[in-house]
Amino acid sequence: MKLFKLFIVTCSMLGLISCANRESLPRTTIVNTDTITLNNGTTVDILTENAINGHVVNDTNNYLNIVSRGDTAKVVGLKVVQFATAFFGANSGNINTFSKEDLVGNYIKSVPNKTMDYLTPQLYTIIKKFDANNQKDNVITIQPYKFKLIYDGLTDNKYNFIYNTTIRTNGFRFDCSEQNDLTPEERTKPFNEWEINNYQLVQDTASKAINACINRLKSEQNMTNFENALK
């Protein structure tokens, strides 16, 4: 009996250690670093950061991710089986609902997320004009996280473009997104329009979102806040 109790305690401790190790795993990684020199001679590091949460829903979309109605059908089928199992058991309260934003979808490896290609030339032009503090290690982090198409409704063929890129440094944060930088007509279109010429419209729309975001960033208040964060 004592040996059995010792075995249980040991397993429990190993389980706790394992959980602690899993919790301590990094959730982001730097995938690229650039250093630019400002007009006053100060250098600033530009980091490109990816989310690596271990699940495609939360990870950075380095390629176009598409969530279709078929993905919902798979989950609905699974939920039906779970409900039926729980109905005849004692776990009916453990069946969780889901939204289409929680679905894994599929990556289109021929359609990369080109956010950095669109963003950095314009962003660098802005930053080079700043009067930054040359006594600080100034770092600007760019997070090009979301690059997705998700079906709009169950009975139509329209898909929503989901997009998000964040620029942040020293307490300053600025988000480029489909909600902030695209009209409803620009971000929701029939799927057959999105997929023409290997999803060229997706790339054009991402570029349009970045252009609109940069225009918002150029407002006097945003530029002041951005520059002050580097002083």
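Guide: Please note that the model is predicted.

Visitor: What makes S3 and S5 paired strands?

Guide: Two strands pair if DSSP finds at least two bridges between them. Three bridges join S3 to S5 (residues 139-151), and therefore the two strands pair. They run parallel.

Visitor: How do you know that S3 and S4 pair, and in which sense?

Guide: Four bridges connect S3 with S4 (residues 106-112), where at least two are required, so these strands pair as well. Their sense is antiparallel. Leucine 64, for example, has isoleucine 108 in S4 as its bridge partner.

Visitor: Why is S3 called mostly covered?

Guide: A residue is buried if its relative accessible area is under 20%. In S3 (residues 63-67), four of the five residues are buried. Across the protein, buried residues make up 37% of the 231 residues.

Visitor: What makes lysine 109 a charge over the ring of tyrosine 63?

Guide: The distance from the charged end of lysine 109 to the centre of that ring is 5.5 Å. The distance limit is 6 Å, and the charge must also be within 35 degrees of the ring normal. The charged end of lysine 109 does sit over the ring.

Visitor: Why is the pair of phenylalanine 130 and phenylalanine 226 called edge-to-face?

Guide: The ring centres are 5.1 Å apart, and rings pair if their centres lie within 6.5 Å. The planes stand at 75°, and over 60 degrees counts as edge-to-face, so the pair of phenylalanine 130 and phenylalanine 226 is edge-to-face. This pair links distant parts of the chain: phenylalanine 130 lies in the loop between helix H3 (115-127) and S5, and phenylalanine 226 lies in helix H8 (residues 220-229), 96 residues apart.

Visitor: Why is the pair of phenylalanine 172 and phenylalanine 226 called stacked?

Guide: The planes of these two rings are at 5°, and under 30 degrees counts as stacked, so phenylalanine 172 and phenylalanine 226 form a stacked pair. Their centres are 4.7 Å apart. Here strand S7 holds phenylalanine 172 and helix H8 holds phenylalanine 226, 54 residues apart.

Visitor: How do you know whether phenylalanine 172 and phenylalanine 226 are buried or exposed?

Guide: The relative accessible area of phenylalanine 172 is 8%, which is under 20%, so phenylalanine 172 is buried. For phenylalanine 226 the value is 0%, so phenylalanine 226 is buried too. Together with Phe130 and Phe174, Phe172 and Phe226 form one aromatic cluster.

How values were computed
Residues numbered from 1 in each chain as written. Predicted model: local features only at pLDDT ≥ 70, side-chain atom pairs only at ≥ 80, totals over all residues. Heavy atoms only, no water. Buried < 20%, exposed > 50% of the residue type's maximum accessible area, 1.4 Å probe, protein only. Phe/Tyr/Trp six-rings, centres within 6.5 Å; stacked < 30°, edge-to-face > 60°.
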